[in-house]
Amino acid sequence: MLKRIDILLMAFCTGLIVANIYYCQPLVILIAKDFNLTETYAGRITYITQIGYATGLFLLVPLGDMFERKKQILIITGMAILALLTAAVSHSFFLLEIASLLIGICSIVPQLILPLAANLSSDENRGANIGMIMSGLLVGILASRAVSGSIGFWLGWRAVYYMAAGICVLLILLMAKRFPQSFPAFKGTYKQLMRSMFGYIKTQPALRETSIINFLAFAIISAFWTTMVLFLANPPFSFQTLQIGLFGIAGAAGALAAPLVGKLSDGNNPRKNLMIGFILQIISIALFYFTGSHLYLFVIGIVLIDIGQQAIHVTNQTRIYTLIPEARNRLNTIFMSVSFIGASCGSALGLWLWGHGGWAMFCYGMAGIIIFNILIYLFYGNKKSSAHL
């Protein structure tokens, strides 16, 4: 079984690696200026990176049920270093787009660490351990924006990618020394491995429910963090990259809720946490809509939308890890691939809404997605009730 120090180490590594996906978001304005592009067009790298992440999840994460996870983690992190260095030296936007896709593909290591931790945790501690690692992951996501915005402002956007590559070098050394080995149970071929995933989609209604709900939840949170850069860079705020990046600190405060949500998810009815998440999302969107020049409402909204995201994501991830223990990597592949397809769609949708109606149109669109997600939640709840009649 895992010790607390092991969980903390996994949380640390998870946060620093997942940050690779999100460094680009506050840098959109600087990249647009460097390549003489519009901010909306330069924003393409945000959802290209997320598409890469979804691709890596689908193609590489299932191998964790087939091969030793520690070795896979080290190899993929090494590939991430090469992708980050390619982004740093890119002198055309097309090459940066390719590098961004590869960064996404090679940043799936957290989704190998999570099943590794789930396998080595006791039933009574699994949710809490997942919540702790998710805290590291979410702090990494949100703090990455503050770090990226600050370094980008002072040293340029390329320095951010050089820094990220250096961090990954250090992490390889740390993970090689401290991570435990795993002993996968699947003995078939890669084709059989991939085919089995589609069987789980057909036979596991809880997997379908959690994946659909997470698709929409990730679309909302990703749309917000992509579009808010443009919102804050324009009047009435007209903030620079440094100031925009600091808003990630407010979001990181929301990540502290993940361990609590994880503990609650170990109970008898974890679905109740989902409704809490929906309500917090609705309140946050209302605060964003009425922000105007009241920046404190915007900051409160950031904290609430990220706590809401924890309530939805940690609860859903804990639920899927209880379904089929020997297939946790494959279940996580389906769940997280769908989630990050949602994230990439959300980033693209957020940019589209901004281009067609500004911040108000963005808020209308996000409110509609939340309502739709609640209807899906109620639909699956009614199906369960009917099944027990």
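# Close-up views

**View 1. F58, L59, Y190, F198 and I201 make a nonpolar surface patch of about 420 Å².** This is a predicted model, in which local features need pLDDT of at least 70 and side-chain atom pairs count only at pLDDT 80 or more, while totals for chains, interfaces and linings use all residues. Residues are numbered from 1 along each chain as its sequence is written, and side-chain values use heavy atoms, with hydrogens and water left out. Patches consist of residues with over 30% relative accessible area and no salt bridge; like charges are joined within 9 Å and nonpolar side chains (Val, Leu, Ile, Met, Phe, Trp, Tyr) within 5 Å. Accessible areas come from the Shrake-Rupley method with a 1.4 Å probe, and for residues only the protein chains shown count as cover. Helices α4 and α10 (190-203) each supply at least two residues of the nonpolar patch, and α10 gives the most, with 3 residues. (Helices are DSSP runs of H or I with at least four residues, and strands are runs of E with at least two, numbered from the N terminus.) F58 sits in helix α4 and is partly exposed, with a relative accessible area of 31%. Here buried means under 20% relative accessible area, exposed means over 50%, and partly exposed falls in between (1.4 Å probe, protein chains only).

**View 2. R158 and D34 form one of the 3 salt bridges in the structure.** The closest N and O atoms of R158 and D34 are 3.5 Å apart. R158 belongs to helix α9 (residues 157-178) and D34 to helix α2 (residues 28-34), so this pair ties together parts that are 124 residues apart in sequence. D34 is partly exposed, at 44% relative accessibility. A salt bridge is a side-chain nitrogen of Lys or Arg within 4 Å of a carboxyl oxygen of Asp or Glu.

**View 3. A salt bridge joins E97 to R44.** The closest N and O atoms in this pair are 2.9 Å apart. Distant parts of the chain are linked here: E97 is in helix α6 (residues 93-105) and R44 in helix α4 (residues 44-60), 53 residues apart. E97 is buried, with a relative accessible area of 10%, whereas R44 is partly exposed at 26%.

**View 4. E209 pairs with R319 in a salt bridge.** The closest N and O atoms of E209 and R319 are 2.9 Å apart. Since E209 lies in helix α11 (residues 205-233) and R319 in helix α16 (residues 295-321), the pair ties together parts that are 110 residues apart in sequence. E209 is buried, its relative accessible area being 0%; R319 is also buried, at 10%.

**View 5. Q309 is a buried residue of helix α16.** The relative accessibility of Q309 is 5%. Leaving out residues up to four places away in sequence, Q309 touches A217, F218, I221 and Q281; contact means heavy atoms within 4.5 Å. Take a look at I220 as well: the C-alpha atoms of Q309 and I220 are separated by 9.1 Å, although these residues are 89 residues apart along the chain.

**View 6. Q72 lies in helix α5 (residues 69-88).** With 9% relative accessibility, Q72 counts as buried. Beyond its neighbours within four places in sequence, Q72 is in contact with L60, L63, G64 and L112. Other buried residues of α5 include I73, I76, A80 and L84. Helix α5 has 20 residues and reaches 29 Å from its first C-alpha to its last, close to the 28 Å expected at 1.5 Å a residue. That expected span is 1.5 Å times one less than the number of residues. At the start of α5, a side-chain oxygen of E68 comes to within 3.1 Å of the backbone nitrogen of K70.

**View 7. P235 and P236 are joined by a cis peptide bond.** Omega is about 10° for this bond, and P236 is in the loop between α11 and α12 (241-245). That loop also holds S238, a residue other than glycine with a positive phi near 55°. S238 is partly exposed, at 43% relative accessibility. Most residues other than glycine have a negative phi, and most peptide bonds are trans.

**View 8. N36 has a positive phi of about 60° although it is not a glycine.** N36 is placed in the loop between α2 and α3 (39-42). At 71% relative accessibility, N36 counts as exposed.

Note on methods: A polar contact is a pair of N or O atoms within 3.5 Å; within protein, one must be able to donate a hydrogen and the other to accept it, and residues adjacent in sequence count only if both atoms are side-chain atoms.
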